[in-house]
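User: Got a model open here and want to talk through its layout. Can we go piece by piece?

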Amino acid sequence: MYSATFKIVYSILLLALSSLTGNFPMLLALLLCLPTVAAMPDQHPFPDIAFKVFNEFVTQNFSSRVSLATVLLILFSLTENTDLLNLHGRQINLYLQGEKKQTISGWMKALARALEDRLGSNVKTLIKHKELPKTLDNDALTNPIAMKLDTMANVLNLMPVFAKSGKLKNKLATVSQHEIAAVHIICPASIECEDMNCKPFALAQDTHSRDIPKVTLIKGTTIYKRVPVLSGKCSHCDANYYADHEGLNQTSGRRNKIYLNSAKYIKLGHHI
Ligand SMILES: [Zn+2]
């Protein structure tokens with residue numbers, strides 16, 4: 001019975017159609033060599049601070065109108081620019097004679113300007129209303145934004161570490177995305193029963209917890225391990241729905257395996 005076989009497929013390899021190109025086997029081989037979302041040993045862990053602390057920083061430094069997207073853009077612009085944070089941290093940390101004292105480096109100002117370019121008029125939401133300069137000429141917001149970026153990088157512990165003497169101790173390594181990689185679940189694409197002899201009833205989740213297969217999903221250039229695969233069932237006509245095909249329950253009692261042209265996933269291999 002097909003549904004039974006489906007439930008014991010533990011090594012299906014699924015490839016998101018979006019990453020398909022002409023040379024299919026070659027693409028797969030290359031993708032399998034790419035790094036996964038797992039943390040690499042020389043990576044810096046994702047900032048380990050309480051959400052409350054982050055929230056306090058946002059409330060105290062940004063406008064109350066700042067959007068979630070803007071806050072996340074700032075957060076990820078810091079975690080993705082560790083080379084720039086190293087350069088900034090080193091420059092504001094005086095060590096050798098002749099080095100000039102600066103509170104904000106040209107590196108951090110460059111990041112602030114890039115964010116200004118990206119945010120357009122929304123950039124004002126990074127500044128509290130009472131802190132807004134009277135005239136907004138070219139660079140009026142650059143320094144205050146660069147200062148906030150510096151404070152935020154410190155709150156997130158995203159700075160190089162220096163010894164008491166001022167000598168560089170540890171550079172900031174690339175920040176791991178492992179802890180924030182989303183959980184993926186593969187589901188049928190249909191959301192209602194599509195059997196011509198039925199009505200568009202809702203589909204119920206039809207795989208018992210203990211029988212849910214865990215597969216490897218390749219999406220773009222990232223590999224996700226142990227991704228649950230769920231199937232659906234029409235509560236009215238018992239038609240089964242899977243991520244890559246439908247198993248319509250015919251009145252004759254036969255089950256048809258129909259592969260959908262619109263399926264998002266391709267099953268590359270499985271065993272029974
Ligand atoms: Zn139905």
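User: What share of the residues in the protein is buried?

Analyst: Of the 272 residues, 19% are buried. Buried means 20 or more other C-beta atoms within 10 Å of the residue's own, exposed means 12 or fewer, and partly exposed is in between, with C-beta atoms placed from the backbone. This is a predicted model, so local features need pLDDT of at least 70 and side-chain atom pairs count only at pLDDT 80 or more, while totals for chains, interfaces and linings use all residues. Residues are numbered from 1 along each chain as its sequence is written.

User: How many helices and strands are there?

Analyst: The protein has seven helices and eleven strands. Both are DSSP runs numbered from the N terminus: helices are H or I with at least four residues, strands are E with at least two.

User: Which residues of α5 are buried?

Analyst: In α5, residues 82–92, the buried ones are T82, L84, L85, H88 and G89. They lie on the same side of the helix because they cover an arc of only 155° around the axis. The arc is taken from the directions from the helix axis to the C-beta atoms.

User: What do they pack against?

Analyst: The buried residues of α5 pack against α4 (68–79), α6 (106–119) and α7 (142–155).

User: Staying with α7, at what angle do the axes of α6 and α7 cross?

Analyst: The α6 and α7 axes cross at roughly 110° and come within 8 Å. That makes α6 roughly perpendicular to α7. Axes are lines fitted to C-alpha atoms, for helices over the stretch in contact, and angles run from 0 to 180 degrees between N-to-C directions. Angles under 35 degrees count as roughly parallel, over 145 as roughly antiparallel, 65 to 115 as roughly perpendicular, and the rest as oblique.

User: Which residues of α6 and α7 meet?

Analyst: From α6, M108, K109, L111, A112, R113, L115 and E116 meet T142, I145, A146, L149 and D150 of α7. A contact here is a pair of C-beta atoms, placed from the backbone, within 7 Å.

User: And α3 with α7, how do the axes cross?

Analyst: Those axes come within 11 Å and cross at roughly 165°, so α3 and α7 are roughly antiparallel to each other. V53, F57 and N61 of α3 make the contact with K148, T151, M152 and V155 of α7.

User: New topic. Where is P45?

Analyst: P45 sits in the loop between α2 (24–33) and α3 (51–61). P45 counts as exposed because it has 12 C-beta neighbours inside 10 Å.

User: Now the strands. In which sense do β5 and β6 pair?

Analyst: Strand β5 (residues 214–219) and strand β6 (residues 222–228) pair in the antiparallel sense over five bridges. Strands pair if DSSP finds at least two bridges between them. I218 has I223 of β6 as its bridge partner. The two strands form a hairpin with two residues between them, and G220 in the turn has a positive phi of about 65°.

User: Which non-glycine residues have a positive phi?

Analyst: N157 is one of them, at about 60°, and D238 is another, at about 70°. N157 lies in the loop between α7 and β2 (161–162), and D238 in the loop between β7 (232–234) and β8 (240–241).

Definitions and conventions:
Contact = placed C-beta atoms within 7 Å.
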